[in-house]
Amino acid sequence: MTLTAVLVLAAGTYAFRVAGPLLRGRLRLSDRVRGLMSTAATVMLFALVATSTLTEGRGFAGLALPAGVLVGAVAAWRRAPFVVVVVLAAASTALLRLAGVD
């Protein structure tokens with residue numbers, strides 16, 4: 001049963017990846033639709049970040065995790081290298097949790 005589910009998901013993923021190049025020349029989207037798709041992708045990414053930042057398990061993640069994400073976001077906004085962004089975010093979250101901030 002599990003193998004079947006994995007194979008179906010793999011086939012679906014492959015079909016989505018192949019559909020883009022195959023339909024590129026056949027499908028014409030208006031500028032308005034392209035703008036809406038770009039906005040939708042941004043909203044979905046923001047929702048993913050908000051969900052993974054604010055929740056842990058079935059409850060609120062506490063204040064340390066959102067604070068660490070905020071530190072990482074500021075570092076990324078200031079164009080710090082990716083490794084620095086990750087280390088700053090993780091270190092600030094760890095230090096806050098070590099200090100007793102949940």
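Helices are DSSP runs of H or I with at least four residues, numbered from the N terminus. The model is predicted.

Q: In which helix does threonine 53 lie?
A: The run that holds threonine 53 spans residues 31-54. Threonine 53 therefore belongs to a helix by the DSSP assignment, and that helix is H2.

Q: Is threonine 53 buried or exposed?
A: The relative accessible area of threonine 53 is 8%. Buried means under 20%, so threonine 53 is classed as buried.

Q: Which residues does threonine 53 touch, not counting residues up to four places away in sequence?
A: A contact requires heavy atoms within 4.5 Å. With residues up to four places away in sequence left out, the partners of threonine 53 are Ala61, Leu65, Pro66 and Val69.

Q: What accessible area do the residues of the nonpolar surface patch have together?
A: The patch is formed by Leu22, Leu23, Leu27, Leu29, Val33 and Met37. Helix H1 (2-23) and H2 are the elements that give two or more residues to the patch. Together the patch residues have an accessible area of about 540 Å².

Q: How does valine 33 count in terms of accessibility?
A: Valine 33 has its place in helix H2. Its relative accessibility is 33%.

Q: What is the phi of arginine 79?
A: Arginine 79 is in the loop between helix H3 (64-77) and helix H4 (82-98). With a relative accessible area of 77%, arginine 79 is exposed. Its phi is positive in a residue other than glycine, near 65 degrees.

Terms used
Residues are numbered from 1 along each chain as its sequence is written. This is a predicted model: local features need pLDDT of at least 70, side-chain atom pairs count only at pLDDT 80 or more; totals for chains, interfaces and linings use all residues. Side-chain values use heavy atoms; hydrogens and water are left out. Buried means under 20% relative accessible area, exposed over 50%, partly exposed in between (1.4 Å probe, protein chains only). Patches are made of residues with over 30% relative accessible area and no salt bridge: like charges are joined within 9 Å, nonpolar side chains (Val, Leu, Ile, Met, Phe, Trp, Tyr) within 5 Å. Accessible areas come from the Shrake-Rupley method with a 1.4 Å probe; for residues, only the protein chains shown count as cover. A salt bridge is a side-chain nitrogen of Lys or Arg within 4 Å of a carboxyl oxygen of Asp or Glu.
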